[in-house]
Amino acid sequence: MKRIYLDYAATTPTHPEVIKEMFPFFSEVYGNPSSIYQLAQKAKRAVEEAREKVARFLNAKTEEIIFTSGGTEADNMALKGIAFANKKRGNHIVTSKIEHHAVLNTCKWLEKQGFKVTYIPVDRYGVVDFDELRKSLTDKTILVSVMYANNEVGTIEPISEIARITKERGIYFHTDAVQIVGKIPVDVEKLGVDLLSLSAHKLYGPKGVGALYMRKGVRISSLIHGGHHERNKRAGTENVPGIVGLGKACEIAAKEMATEEKRLKILRDRLYKGLNRRIDEIFFNGHPQNRLPGILNICIKYVEGESMLINLDLEGVCASSGSACTSSSLEPSHVLLAMGIPPEVAHGSLRFSLGRDTTEGDIDRVIEVLPPIVEKLRVMSPFGKKAKSGEYRG
Ligand SMILES: *Cc1c(COP(=O)(O)O)cnc(C)c1O
């Protein structure tokens, strides 16, 4: 049975060219970039070349890129780093209700440290309420953090509009761009953000490496203390192969993302149309236009996401229900709840995320196997197909 991987938003397979590029830095070029002999300087040069590639990809300056262990660390670094460096100016942070847990749980921790956090609601499409956000800003607000694109439903947020008001008010603006970097062109100058997080393994790079873009002049407190790596912002011997891999992944994405975007949109829409024709009481979640090309999030009434996932897995199909971090818990997705979807409907959510190796044949196979799974599960469902379902209108 062919495996059909439709969970690219959770992680992507490392691109073969990325692996090829990384390989020598595990073996021949093993020097520590901080040492002075040529073997080490070669490794150092590779790190700096990767920094140039990442910077070019984001239209940033090389000195504005700090390598981290991934998206989670970049988010932590941005939020805690800005919070502690600006404690004297104020203690208020604004974020949204639909952030990744890397941001939400960092905010919760910061609340325990004496910071106040406002969580801005979203509309039914998952778009942050701009007026609420503007009204929430006070003289004590030091940071706004709103994700660029949501990892569960794919909705793209109005980042440059938010940047305009934070700039006016002299407030730092961070965006978690982990899901969008590599899919749609990201230009930090056009966006006007101060800090931006990205992660290699979401764009066909290796796991365990990412970066934080930090606009020139922005100061943060470091989280990790030690040597003078990463311009004193992040101590620790560089993950040279990983960093090289991230640079290569950005270079490949720059070349391929435009055609890939068009291709994925067609496949994604084919998937929804096909499922919608064969399954009744199925709802689409997310913004109808402004969303990522490769994500399809749906709710199917009277069935549980978990049960569908297990049955899909038996057919060789890898998908997700909510985010990877929540699919092991039985709580419905905080993103869908924030979008006003009733908990009993949110329980029946599925996320398909498409990528590089997804074919039309894969999509047609899912359209073929999912409807009978839903039918079978609905017969056994504790919710019962006839159970009252409230007012939800999809
Ligand atoms: C995957 C993801 C992260 C975490 O990145 P890691 O590199 O896995 O730590 C953060 N934010 C979003 C939106 C993500 O999708």
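Predicted model: local features only at pLDDT ≥ 70, side-chain atom pairs only at ≥ 80, totals over all residues.
Which residues in α2 are buried? Residues are numbered from 1 along each chain as its sequence is written, and side-chain values use heavy atoms, leaving out hydrogens and water.

Back to α2. Buried here means under 20% relative accessible area, with a 1.4 Å probe and protein chains only. In α2, the buried residues are Ala 40, Ala 43, Ala 46, Val 47, Ala 50, Arg 51, Lys 53, Val 54, Ala 55, Phe 57 and Leu 58. The helix covers residues 38-58; helices are DSSP runs of H or I, at least four residues, and strands are runs of E, at least two, numbered from the N terminus. Just after α2, Asn 59 has a positive phi of about 60°.

Next, please find Thr 68, in strand β2 (residues 65-68). Thr 68 is buried, at 5% relative accessible area. A polar atom of its side chain lies 2.8 Å from the backbone oxygen of Gly 70. Leaving aside residues up to four places away in sequence, Thr 68 touches several others, including Glu 73, Met 77, Leu 212 and Arg 234; touching means heavy atoms within 4.5 Å.

Finally, the open sheet: three strands in the order β9-β10-β12, with antiparallel pairing. Strands pair if DSSP finds at least two bridges between them. β9 (282-285) and β12 (349-353) are at the edges, each with a single partner strand, so one side of each has no neighbour in the sheet. Four bridges join β9 to β10 (residues 295-300), and Asn 285 has Asn 297 in β10 as its bridge partner.

Technical notes: Expected span 1.5 Å × (residues − 1). Buried < 20%, exposed > 50% of the residue type's maximum accessible area, 1.4 Å probe, protein only. Polar contact = N/O pair within 3.5 Å; in protein donor to acceptor, adjacent residues only side chain to side chain.
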